[in-house]
Amino acid sequence: MTSEPRTTPPRRSRDDPAWVRFTLIFLAFAVLGVLIVVPVVNVFVGALSEGLAVYWHSLVGDPDTRHAITLTLTVVPIALAANVVFGVSAAWAISRFRFPGRTLFIALIDLPFAVSPVVAGLMFVLIFGLQGYFGKFLRSDGYAIMPYVVAFVLVLIGLFAYFTMRPTNPRARTGVWRHPPWVAFLAAAGLFAVLVVAQQALHVWPQGKNLKIIFATPGLVLATAFVTFPFVARELIPVMESIGPDEELAALSLGASGWQMFWHVTVPNVKWGLVYGIILCNARAMGEFGAVYVVSGHIAGLTDTMPLRIEKLFQEYNLPASFAVASLLTLLAIVTLVVKSRLERHLPTSNAPRP
Amino acid sequence: MASVSRGVLPGLSLTLGLSVFYLGALVLFPIAACFFKAGTLSWDEFAAAVWTERARAAYALTFGASFIAAFVNLFIGGIIAWVLVRYTFPGRRLLDSLVDLPLALPTAVAGLVYASLYVKTGWLGRFLVPLGFEGAYTRSAVVLVLVFVGLPFVVRTVQPVLENLDAETEEASASLGGTRWQTFRHVILPTLYPALTTGFALSFARAIGEYGSVVFVSGNMPYKTEIAPILIVARLEEFAYAEATAIAVVLLVASLSMLVLINLLERRSRRHDV
């Protein structure tokens, strides 16, 4: 975002009078000082106000806080992984192809930014909560959907593997690669059915048991994934577009398979954009409060994530402990900003931030 | 950015299929469920849920505070963008990265620290409370945190436009005898209007959905310092799902219209500055 240092000194007619310059610079420092620097310093001072021992104890000694940290470190990677897979495949489809509805698709990616986090959480409660659309089913025999979910994910991975390993040159295809695509889809459908039936026959999943999504970890993952959904795709699309498909086409013409092209050409080219998207997504996911608040039911030691733990400690007037947890998240924010400003040198100008 | 014909690069159907499925399942289906649930209410029930006195007070505070905060951001964000682009001074890079902090700092942390800064014993409250500015557990507190969360949006939309501003029109204005203020007012400012409007809209859109920071600083008193997302949570905690959904739909419609508006604004300003 920063402009390069000017090679020629700015011309006089564009200079503001010195007093205007000083006033505005002073104002900028004052505003950012009061709005941003003072609060950040206050977090650390508040956390360490009773000494290092208390700080350490309130992070490690409190089992509920410890659990909150573990839970955040469980939920965030899952949501992040899902959004990275989505982001990469959406960016590939959008930046490399023209298809009807492409503009609409790009606009829809931004949708979660427009939805208030609380409303996002509410949506999942409406679907999976006790009174929700699937509530009754999940409560009586929720695990019955697991065979389908597992089979779907496995078949999807299989399909991706098949089509990306397949030689791109039709004449080089031998053996299993020789069949037209519909055979692969048919095989996938068959595999799906077999996997589902096998899991049901072997009773892999408990029967007649309540599958908790709301007020449990799956709900936290869903809410976090929803809120951080756009980050990776949004950062990757401009990077992929600016690089263009030439090197990928060259790799293909030299006989690379889809996977080889992706892994050896696309990923190294877009890695900074990918890292950039991931760290932004990660920062937001770790700190997400509203959506998670609604779906978690805030049960200490069970469904409290770090931001929820901050709130609970604040409600209990345990300010030093609350600030101690907050200091960890503030450190994360500072690291994110440092990495971000380093990465911006490697990237084309990215788009404006979104709420 | 060459457009590529279908046959050459692999993976369109798989990647598009997967991403559309994921978008549908994670985003579109829940939003549809929310509207569908609200649709099960009769019109009278819906009106009764969204138009109570308490809800009206919450909307007034949500939209009012968001508007004031976005308006404040327009000025301070504009000044910060101007300073960052036009002047060189020690600490400029630092100032530039600080602007992004509200995007990276969890809202709960912002709420916690703002709540303790502006109380009577806080670092800033001990000077401001005697002066009559109560920056915690009041409506001003809500505006204050919304200014914090919305600040980067104005700066980051105005900054690139300022950087790409054409120097010659400014010089022409100066050589024709315009004062610096006249040049700013009549030459520079009009070219910034689209970016300023977009920044304002982004900041406003972010503010109307904000929950995490406000819940700490506002005190959440019904009719006084309760914003609409807090009211939704309050209704949920009473297990009044239908009412919560009705208010959520109002909020959702407002923020979706903001999204459409922002996209239109961005498209227009892009057409103008190329």
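Q: So which residues have the most contacts inside the largest nonpolar core?
A: This is a predicted model, and in it the largest nonpolar core has 170 residues, with A:Leu122, B:Tyr114, B:Val145, B:Ile232 and B:Ile247 having the most contacts inside it.

Q: And where does the largest share of this core come from?
A: Helix α8 of chain B, residues 139-163, supplies the largest share, which amounts to 15 residues.

Q: What is B:Ile247 in contact with, leaving aside its neighbours within four places in sequence?
A: With those neighbours set aside, B:Ile247 is in contact with B:Ala49, B:Val50, B:Ala55, B:Ala228, B:Leu231, B:Ile232 and B:Arg235. One of these, B:Ile232, is also among the residues with the most contacts inside the core.

Q: Stepping back to chain B, how many helices and strands are there?
A: Chain B has 13 helices and 0 strands, and its C-alpha trace spans about 70 × 65 × 35 Å along the principal axes. Of its 274 residues, 48% count as buried, and of the contacts in chain B with a separation of 6 or more, 77% are accounted for by residues 24 or more positions apart.

Q: How do α9 and α10 of chain B pack, in terms of angle and distance?
A: Helix α9 (residues 167-175) and helix α10 (residues 180-209) of chain B pack at an angle of about 145 degrees, with their axes 10 Å apart, and α9(B) passes α10(B) in a right-handed crossing.

Q: Which residues make that contact?
A: From α9(B) they are B:Thr169, B:Glu170, B:Ser173 and B:Ala174, while α10(B) brings B:Thr183, B:Val187 and B:Ile188. By class, these residues divide into 3 nonpolar, 3 polar and 1 charged.

Q: Switching to the contact between the chains, how many residues does each one give?
A: Chain A gives 90 residues and chain B gives 92 residues. On the side of chain A that touches chain B, helix α1 (residues 18-48) of chain A gives the most, with 16 residues, and that side has 60 nonpolar, 18 polar and 12 charged residues.

Q: What about the domain assignment of chain A?
A: The assignment gives domain 1 (52-116 + 215-346) and domain 2 (130-212), and the centres of these two domains of chain A, taken over C-alpha atoms, are separated by 26 Å.

Q: How many residues are in contact between domain 1 and domain 2 of chain A?
A: In chain A, 8 residues of domain 1 are in contact with 9 residues of domain 2. Helix α13 (residues 258-287) of chain A gives the most to the domain 1 side, with 3 residues, and that side has 5 nonpolar, 3 polar and no charged residues.

Key:
Residues numbered from 1 in each chain as written. Chains lettered and ligands numbered in written order. Predicted model: local features only at pLDDT ≥ 70, side-chain atom pairs only at ≥ 80, totals over all residues. Contact = placed C-beta atoms within 7 Å. Helix = DSSP H or I, 4+ residues; strand = E, 2+ residues; numbered from the N terminus. Nonpolar A, V, L, I, M, F, W, Y, C, P; charged D, E, K, R; others polar. Core = buried A, V, L, I, M, F, W, Y, C linked by C-beta atoms within 7 Å. Buried ≥ 20, exposed ≤ 12 C-beta atoms within 10 Å, placed from the backbone. Axes fitted to C-alpha atoms, helices over the stretch in contact; angles between N-to-C directions. Left-handed = near helix turned anticlockwise from the far one by under 90°. Domains from an automatic or database assignment.
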